[in-house]
Amino acid sequence: MDTDGSSDYALSPDDKIDPPAAPDPVGPPLEAVDGDRYYCGQLCPTKPSGGRRHGPLNPQSRENAKIARRKASLAEQHDPEKLRAFAKERVRQWLDNHMTVYLTWGYFRPIKCDATEIESNGPSLCFQNQFRLNLATDKYELVKVPSPPLGMVLMSVGLWRRRFNEYLEELLETSFWRFPEVCFRGDDCRVARDFLIPIFEYHEAATDSGRKLVHQSLKLVVLTHIMTHSLTLVESTKDNVYQRLQNPPHEQFSHHTCPRWLNKQIKFLLSTLHRDVLKSCLSLVQEKLRTSTRKPVWAALFTSMLVLAMTTETLEQTLRCKERTEKEEGTIRQEDTTADDAIRLMDERFGHLKNIFHQGYRSHLAKGFNPLRSREDRAFLEDEASRSLAVKANDIVNEHNAFLVARQVLPPPSTPSDPQTGRLVAQFLLGFSPPAKQHLHQPAVPSQQ
């Protein structure tokens, strides 16, 4: 995990770890830099929607609650003032050395970017801390790797947003099928991986009333994955980039080489798109929850709630990784727990939506509307795609019941290595089962060391 406001689930190059093979680029790379405008405006983080708050986030001060809201929306990591301060502190000057680099997030077409070499003020832009998933242990390990000191002198928010939205639409139209397999690796992600393809199949066959919400949800899955993972040099190009640098790092580039400053800039440019897709998804969910007695739209709401659970967990893990790296770099004190309030707030927000969903459909009651468990209730669904999704979802829940029961009782992540993927997903899915059935064959939950 890269912790400059994103996270890198890149695997370690250690021989005992099986890194995913980067797929061949499909079609031409995404080109998203024009060089005719310099972004100097303000990017104001949107405030969370109003609503009843269930107790204070932190009794210390209102300022802590404000910080928590910003961190929970990832606005704090992509604040323009922080970006400018970072550049002022660490960029000494731009060198007369321009090159085109190709970046990948592990899937689909590479991103083409016009970059310029930086003379850094100190060594910080020549290395990056990454949290890498060790598939042998299923834990994340902090690794310090060399980074090319590259960045963009000219940026255009509107251009990046427009072209990247087209990029996402093309991915959903042509190449989503392998996305879960390539990007959701490891035992922690098996439930999410198994659900994404049935959700996509429902998206392809759904009628208009449910398709828009599911479409935004799938876009949110992909965009959250990109935003929370490092953009790295395409492996076949990294040696050429190293040779073209006037002041290269002392070490040769290894696997998953990420230009730290360039990665921060691109994530900043994409942050408005991510925030708007999330806002659109939440608005559509809330709109349909207001009419949750409409049984036909159950499938679209069900898939979107699952996606919100998955992406919330990813963002929470990202905050923990960022906190750990800030401690390693001395940005914050070792005893600071800057992510606690934000993670608590994110859990509260999702829990509120989850409760509205289950109470609206009364899916937790024997006589409630529960297509996941009831064949009779499936007849009320909108179309055959919805009914098929309910059957497949029930099969997945039954297959992974022991995993879900164990995960639902885990606390929120307190370190980057804590097993947390599946926690919110489990809490949502097990809400469709009577409490007595949730605890059948419950395995012992491993103690947290």
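Predicted model: local features only at pLDDT ≥ 70, side-chain atom pairs only at ≥ 80, totals over all residues.
**Stop 1: two helices**

Start by selecting residues 80-90, which form helix α2, together with residues 260-289, which form helix α8. Two packed helices are described by the angle between their axes and the distance between the axes. Here the angle is about 165°, and the axes lie 11 Å apart. Angles over 145 degrees count as roughly antiparallel, so α2 and α8 are roughly antiparallel to each other. Their crossing is left-handed.

Now show the side chains where the two helices meet. On the α2 side, pick Pro80, Leu83, Phe86, Ala87 and Arg90. On the α8 side, pick Arg260, Trp261, Lys264 and Phe268. What kinds of residues make up this contact of α2 with α8? Six are nonpolar, three are charged and none is polar.

**Stop 2: a hairpin**

Next, select residues 91-104, strand β2, and residues 111-120, strand β3. The two strands run antiparallel and are joined by nine bridges. To see one of these pairings, click on Tyr102, whose bridge partner in β3 is Lys112.

Then look at the turn. β2 and β3 form a hairpin, with six residues between them. Select Gly106 in that turn: its phi is positive, at about 105°.

**Stop 3**

Which residue of β7 is the bridge partner of Thr104? Select Thr232 to find it.

Key: Residues numbered from 1 in each chain as written. Heavy atoms only, no water. Axes fitted to C-alpha atoms, helices over the stretch in contact; angles between N-to-C directions. Helix = DSSP H or I, 4+ residues; strand = E, 2+ residues; numbered from the N terminus. Parallel < 35°, antiparallel > 145°, perpendicular 65-115°, else oblique. Left-handed = near helix turned anticlockwise from the far one by under 90°. Contact = heavy atoms within 4.5 Å. Nonpolar A, V, L, I, M, F, W, Y, C, P; charged D, E, K, R; others polar. Pairing = 2+ DSSP bridges.
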